[in-house]
Amino acid sequence: MTKSYQSRRQFIKAGAYSALFGSGAAAVNGKMSLIGSALAAQGDYASLPGYKALVCVFLYGGSDSFNLFVPSEQGRYQQYNQARGQLALAQNSLLSSTSLSVLFNPNLAGLRDIYDAGDLAIVRNVGNLIQPVTRNEYQNHPERIPTELFAHNHQQEQVQKSWSSRPTGLVGAGWGGRMADLLMEANSGSLPPSYSMNNSNFFQPGNRSRPIAINPLSGPRLMDYLDNNTNTSSDQRDATLMQLLALQPQNPIEQFARASFINARDSARALSSVIEASPDLGPLNTNNRLATQLRMVARMISGREQLNMRRQIFFVGLGGWDTHDNQTPRLNALSTELNEGLADFNRALVELGVQNQVTTFTTSDFGRSLTINGDGSDHGWGGHYLVMGGAVNGGSLYGSWPEYAVGGSDDVGDKGRIIPSLSLNQYGAALGSWMGLSNSDLLDVFPDLRNFDSGWQTQYGLFNA
Amino acid sequence: MNKDIQITVTSIYDFLARSRPAQTRKTLFVVIALITGCSDSSSNPIAGTNPPETPEVISTPDGNSPTAENNSNPAISPATIEAEDIAAARLLTQATFGTTIEDINRVKALGIEQWIDDQFTQPGSSHLAYALNNGGSSSNAEARVNKWWLDAIDSEDQLRGRVAFALSQIFVVSDVQQTLGNAQLGLADYYDMLRDNAFGNYRDLLEDVTLSPVMGVYLSMLQNARANPASNTRADENFAREVMQLFSIGLHELNLDGTPKLANGRQIATYTQDDIAEYARVYTGWAYANTDRWDAQPLSQYADFLNPMVPYPQYHDTGEKRLLGGVVSPAGLTAEEDLRIALDSLFNHPSVGPFFVKQLIQRLVTSNPTAGYVERVARIFNNNGEGVRGDLQAVVRAILLDDEARNGHSTNANFGKLREPLLRMTHLWRAFDAQFADGRNNYTSNAPQLKNIASSFGQSALNAASVFNFFHPDYAPLGAIRDAGLVAPESEIYSENYVLSTNTFISTYIHKFYYAGTEAGGVQFLTYINIEPQTRTAANPEDLLDELNLVLMSGQMPDDMRNILMQHLDALPNDIRGRAQRVKDSISLIMTQPAYLVQK
């Protein structure tokens, strides 16, 4: 980080505080700005061209991605088949692709088609790492290993914050948020670049930018009786509410309560008309939780010009992946939902004409154990993730297959918990690089990134030149 | 004393002297004659608990006796009344589903300590029995949800209910999980189990949770079989991991005061992956009762969700298990014997007390208890004074009677917790005497959205997204809270989305469904608040705000907030319609405000 860069950031931070301080007075005048959400600033990214958005699809619970994407090469498939036992998917049930090197879960036909069309890539054996480690190092150097591996909440937090050399509690912002802190300079207006369709998460809060959580079905809706833009309110009550909201509490939790109310109210005012004006993107299966969330992302993207957005980061979540038991039917349902949701989103982006400008990626708490616990799998580490979008150099595999061997060189022990070969830092940095972040800033966004190879600087070839 | 948080005696007295409209179904608990005024609670945290020998009566601030009926007793000073009212209201915010004037008077009549002891004796009624008698079925959640609301709003055993709700957020099961979505009677029974154990012993609670078939499904201990080398399978680690991480000892070793123990500046893991594997072998060989079908399907007639799981010896791993604290469960034991040894090893772990009681404090009293508070309660957990470990009645008593609970609002700048959305709604309906629309006898048929309230509130009973509850106990949003090293667990469901939908929901049930005498709205359709008494009080806005400050904010309304509300009320006409508007506007505005949203 250069000195000039640092001072610029400090300048912006000072600006953020004065905006927060002044927002109460603005509230009285009915011209509130979202507290601490985003502040336009001039800088390195103010002149970024075009529009780009990153969409994080977080698979809550630890996705068994070893059963979503399976190696086709005979020796590897046999290894997989043996390690997974009754969990293994039969080779003839899997879907083949033009690349011949990977087989898709039978429920992922839509994703296979996008892969074959060159708009989807698979990044193999990615996981939460501080630095590259071997089986021997895992067993003898605990300080090189992220803490609380295999514990859902900590791994969700570490994966979404991606600074695992620091204890979980000491990391504040998420890596999406740290990117947004910089990229928001490309946008104008007071709205932040980050929007969640799955309420709170650790990925999006930044040191300067805060995400806004949006209802995935309806979008943000004005509060009845508490917003004089609705027909249920009264000007008089609204004026009193403005006066009350101008009060500045001392207790930090009260300060949060105040900011959350003002931000919610303002977000509805700023966004509800955008959602209402969004084009009809065709029928939606609202039983599909992912499709529902991603459809709202698409509707938000359709309002990008109205909102003066040139860089945006979205978050959607899909829970239920903790398949300790009854895995086969549960994974069938989840992979079907994943397939339909992503394929529907891809169609919507094509329809909006932004397919090349939006990149969607999956990640999860962790992968799962190769071994079976009766009728399911337990918490693992590395897993395979997908990156989808018109800019993606798709139809290809990135990273490398692990050794599918229980007790083998990639197993931390004897249950088939696989040591990742590619770090989330590298994965995230490649995505951030596509969004336009500089290499030096990416080293700030991912402080552990310097412990890995520099292939992320050329995005591992993941994107079309 | 702060003038603006004074409760004028006249308004309280007026409230108590009011008659109810004929159609209300509840009886006002009038305790005027028992109002006591013995001591200043700020000088003794547990004072005011013994009613005086002679009942005393109240006077107006200017020394005149109230003019209402039933007053023939000598006066006491208004300042004393005020402190007592506030102390009672604050206790009720922590110990019930929402403060009411009736309950304030009950606490004042009994004294805080006796009120708590009285609550321990309130039996309550079964959620399962209600569900069975009201059309509940395995796939129909409505009766179960109805009972939760009936209990929260109307039952006498408020403290049991509030503690059980807290326990349901620690020992989490959820009907979001597909199988449990079709085990609604089992969930009602699970909730009964939490209620039954709320004032029992933690060790019994832990065992009942462990052997619940509902938990068995949720964390896959049900039908967990010993390793089978032939099919390359091994024991399921799910329950073994979460019972330690979430239900008992936590990830890191704790001091008695809840702070982490450190070695070379680093926290100390309570258990390793190998420990989990050992415990996973303990929890093998359990499945549904009242059948001999080990692999009975959860939706089949053989799946018994109403009785604890039973051992199936052939599936139990009988090898030796090396457990925490050097405990060894030797080879050859039965599933029950192994389980007893394993749960004892967790129960006796030194981290259990601080780990568990801190979460209970967070659910009831404050998000950031001091180390001293945690330590005092953890000591009671470890020994209730009679050599008993895990006495939850003693723990609940210690939590509520602690000086920090009783006086933290005036001694600790960071005291308090964000109100959970569900508890905001129950507060509204309790404080303003919710009434069913004609011909209805439960809350969900009166307020259909309650059936799917989690989509608005981010929470509903037994409906968390995962075993990690609606929010994490260590959640700290970026900004002032995190910068101060504090946490605010409930803030995780104060997303913009939930803030919008929660406020719309609550405001609708204030402004649209109300009874105020000749002025009313929507009473024939849905559950409505009865604000007729407050509407009369609203002729004098000062009195109205006194009452609302007490019942909604435990007397903590800041001066500037009160002044703004006063201006608003003064500007509304003093006719029946304007008075009803004064009440509705005050309630809905107060319930959006930070000083209300943080329970202090």
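The buried residues of α6(A) are covered by elements of chain A that include β1 (52-59), α5 (152-161), β6 (194-196), β8 (311-318), α11 (424-435) and α12 (439-445). This is a predicted model, in which local features need pLDDT of at least 70, side-chain atom pairs count only at pLDDT 80 or more, and totals for chains, interfaces and linings use all residues. Residues are numbered from 1 along each chain as its sequence is written, while chains are lettered from A and ligands numbered from 1 in the order in which they are written.

**Helix α6 of chain A**

- Helix α6 (residues 175-183) of chain A is mostly covered, with 9 of its 9 residues buried.
- Buried means that 20 or more other C-beta atoms, placed from the backbone, lie within 10 Å of the residue's own; 12 or fewer is exposed, and in between is partly exposed.
- Among the buried residues are A:W175, A:R178, A:D181 and A:L183.
- Helices (H or I, at least four residues) and strands (E, at least two) are DSSP runs, numbered from the N terminus.

- The order β2-β4-β3 (chain A) describes an open sheet of 3 strands with antiparallel pairing.
- β2 (69-71) and β3 (95-96) of chain A are the edge strands, each with a single partner, so one side of each has no neighbour in the sheet.
- Pairing requires at least two DSSP bridges between two strands.
- β3(A) pairs with β4 (residues 102-104) of chain A in the antiparallel sense, over 2 bridges.
- A:L95 has A:F104 in β4(A) as its bridge partner.

**Chain B overall**

- Chain B has 27 helices and 13 strands.
- Of its 600 residues, 59% are buried.
- Among contacts in chain B between residues at least 6 apart in sequence, 68% join residues at least 24 apart.
- A contact means that the C-beta atoms of two residues, placed from the backbone, lie within 7 Å.

**Where chain B touches chain A**

- Here 62 residues of chain B are in contact with 57 residues of chain A.
- On the chain B side, α12 (238-245), α21 (480-483), α22 (496-511), α25, α26 (576-590) and α27 (594-597) each supply at least two residues.
- α22(B) gives the most, with 11 residues.
- By class, this side of chain B has 26 nonpolar, 28 polar and 8 charged residues.
- Nonpolar covers Ala, Val, Leu, Ile, Met, Phe, Trp, Tyr, Cys and Pro; charged covers Asp, Glu, Lys and Arg; the others, Gly among them, are polar.

**Helix pair α24 and α25 of chain B**

- The axes of α24 (residues 541-553) and α25 (residues 559-571) of chain B come within 10 Å and cross at roughly 135°.
- α24(B) is therefore oblique to α25(B).
- Angles under 35 degrees are roughly parallel, over 145 roughly antiparallel, 65 to 115 roughly perpendicular, and the rest oblique.
- Axes are lines fitted to C-alpha atoms, for helices over the stretch in contact, with angles from 0 to 180 degrees between N-to-C directions.
- B:P541, B:L544 and B:L545 in α24(B) meet B:R562, B:L565, B:M566, B:L569 and B:D570 in α25(B).
- The residues of this contact are 6 nonpolar, no polar and 2 charged.

**Helix pair α15 and α16 of chain B**

- The axes of α15 (residues 352-364) and α16 (residues 371-382) of chain B come within 9 Å and cross at roughly 120°.
- α15(B) and α16(B) are therefore oblique to each other.
- From α15(B), the contact includes B:F356, B:V357 and B:I361.
- From α16(B), it includes B:Y373, B:V377 and B:F381.
- The residues of the contact of α15(B) with α16(B) are 9 nonpolar, 2 polar and 1 charged.
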